[in-house]
Amino acid sequence: MKAAIILPEKIPGLAALESIRPLPLIPLLGRSLLDLRLEELHRTGLREAVLFTTHNRTAIVDHIGAGERWGIRVEVRELPARDEIHACIREARLPVLPFHAKCATDPRGWFQNVTETLERAVELRLGMRELAAGVRVHRSAKIAPSVRLVAPCWIGANVRIAGGVCVAESVVESGSFLDTGANISRSWIGPSTYVGADTDLVESLAWERQLVKWASGSSVQIADAFLLGPAGTRETAAGSTLPARAAGCLGAIWRAIANLPDYFRRTGNEDFNQRTLA
Amino acid sequence: MKISTSGPSLNASQITELNSSTAPAVRDEIRAALKPEHTALVLDLSATKFVDSSGLGAIIALQKTMAPKGGTLRILNPTPTVMQILELTRLHRVLDIVRST
């Protein structure tokens, strides 16, 4: 089966998020909206698709390639206007499939998508573990023992959470770093985002420097990186030189060797999990 | 910025930005205008589009100026973006914020 999918145009209400990545490529619990849609369509038997977009063709092609990962042969076409896209589809006589059943048009809708995806995510994905009912954490996440996780919440790959942080009814996408004492409630933290120590994020969408209050739609770009910013710059600043990185690697290997006897003594991660949820 | 007096209150308004280049001047100008009879300082942030850590520092400094003489600092009608920054830094819990409808 072959079909056409029209990717959404820029949505003014989501401009803050789209300034970082095109809407179809924004992750939702680790996978982009486009990833999720192509997975769904593969299950329904779709094997060939033409994606039409009015902008950002390069970013989309960079992300999905030719669609091999989803078992769908994908072609991406960029046309300047929706009219031209519809004319092209009519000419090719392709059935049109919706991009997303309920594509958000504002921050409130975006957060609703986040919570609905969180509720629907019944099966555990590869690498995820359930620390308690509704608390899903990627195995590569590093969480301090004093962190409080309140269901439902989802912590992605390579997330680091320092002591005294509380994450309640929220999603933290991969690679983010929540610093000491931060309070995250009913919020979505985008990928590779640093959330500063003792900050309060309530009913917000935070991604790199962008901070959006999803209930009101108000958005602001935070100027101070110690409050909110990209997590990546922090990591590279700490160990950008080769000797520093080499020393870091040697230290990690030494710590791993030193911890081996302790690892074999333990039966699992139960102790850690209990402390995490205390 | 506009500074006016109404009774024991000093009001500062029309502050468009409170960042590293404007905040020290705003702080110093308000401090210079404060008289011993002023027991209240009102910062009207209804026209403020942007605040950074320097701006927050200036607000805290003004609060510290008022505190020893038993005075108060009141933030009036902060814009939604300013309110987001106050909430992010938890300053909304320690500052007296008034929003008129």
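**Close-up views of a predicted model**

The model is predicted: local features need pLDDT of at least 70, side-chain atom pairs count only at pLDDT 80 or more, and totals for chains, interfaces and linings use all residues. Residues are numbered from 1 along each chain as its sequence is written, chains are lettered from A and ligands numbered from 1 in the order in which they are written, and side-chain values use heavy atoms, without hydrogens and water.

**View 1. Surroundings of A:Q221.** A:Q221 belongs to strand 22 (residues 219-221) of chain A; strands are DSSP runs of E with at least two residues, helices runs of H or I with at least four, both numbered from the N terminus. Its relative accessibility is 47%, so A:Q221 counts as partly exposed. Leaving aside residues up to four places away in sequence, A:Q221 touches A:R209, A:Q210 and B:F50 (contact: heavy atoms within 4.5 Å).

**View 2. The ring pair of A:W110 and A:W188.** The structure holds four aromatic pairs over all chains (Phe, Tyr or Trp rings, the six-membered one for Trp, with centres within 6.5 Å; planes under 30 degrees apart are stacked, over 60 edge-to-face, the rest tilted). In this pair, A:W110 and A:W188 have ring centres 5.8 Å apart and planes at 75°, so the pair is edge-to-face. A:W110 lies in helix 5 (residues 107-120) and A:W188 in strand 17 (residues 188-189) of chain A, so the pair ties together parts 78 residues apart in sequence. Both A:W110 and A:W188 are buried.

Definitions and conventions. Buried means under 20% relative accessible area, exposed over 50%, partly exposed in between (1.4 Å probe, protein chains only).
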